[in-house]
Amino acid sequence: IPIKGFQSPVGVLVFKKNLRKTLSLDEKNFLYTICQQLSHRIERVFAQEYNRQNELRLEIDKINKSVLKQITKKLQPSLSETKDALYVFKNRLSQIKDPSLNEEFLVIEQNFNQLTRHVENLFMMTNRNLLKEDLEPK
């Protein structure tokens, strides 16, 4: 007998009947009533589990956002100082006529710019998520 939930079946009740005797109408109704009661309980358990998992996902998201925010907060001052140092170094390097140093500096500068973009992306993600949280109804 199918155990019908509100939106879809949530299970099946299997029973072994006596081959010599057929079920009476009252017995069939009793089994269907059991299935109906089971469906309510099963759906309630499913809903509770869904809510629990959803709460855990929200908590994980909060932790992720907090970690990302802390990472960007810690990296931004170092990146700012490194950017200033690279600017000074680039100006001094222009006075030295060594092409190999210029090539090495270019690699350092490109990697720094890429790192800066990644940190800016993290910063934007955390701020976007914080803004999104502020706009959501409580």
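Visitor: Where is Gly5 found in this chain?
Guide: This is a predicted model, where local features need pLDDT of at least 70, side-chain atom pairs count only at pLDDT 80 or more, and totals for chains, interfaces and linings use all residues. Residues are numbered from 1 along each chain as its sequence is written, and side-chain values use heavy atoms, with hydrogens and water left out. Strands are DSSP runs of E with at least two residues, helices are runs of H or I with at least four, and both are numbered from the N terminus. Gly5 sits in the loop between strand E1 (2-4) and strand E2 (9-12).

Visitor: Is Gly5 buried or exposed?
Guide: Buried means under 20% relative accessible area, exposed over 50%, and partly exposed in between (1.4 Å probe, protein chains only). Gly5 has a relative accessible area of 18%, so Gly5 is buried.

Visitor: Which residues is Gly5 in contact with, leaving aside neighbours within four places in sequence?
Guide: Contact means heavy atoms within 4.5 Å. With those neighbours set aside, the partners of Gly5 are Val10, Ser39 and Glu43.

Visitor: How far is the C-alpha atom of Gly5 from that of His40?
Guide: Gly5 and His40 are 35 residues apart along the chain. Their C-alpha atoms are separated by 6.9 Å.

Visitor: In what order do the elements of the chain run?
Guide: The chain has 2 helices and 2 strands. Read from the N terminus, they go β-β-α-α.

Visitor: What does the C-alpha trace of the chain span along its principal axes?
Guide: Buried residues make up 13% of the 138 residues in the chain. As for the span of the C-alpha trace along those axes, it's about 105 × 35 × 20 Å.
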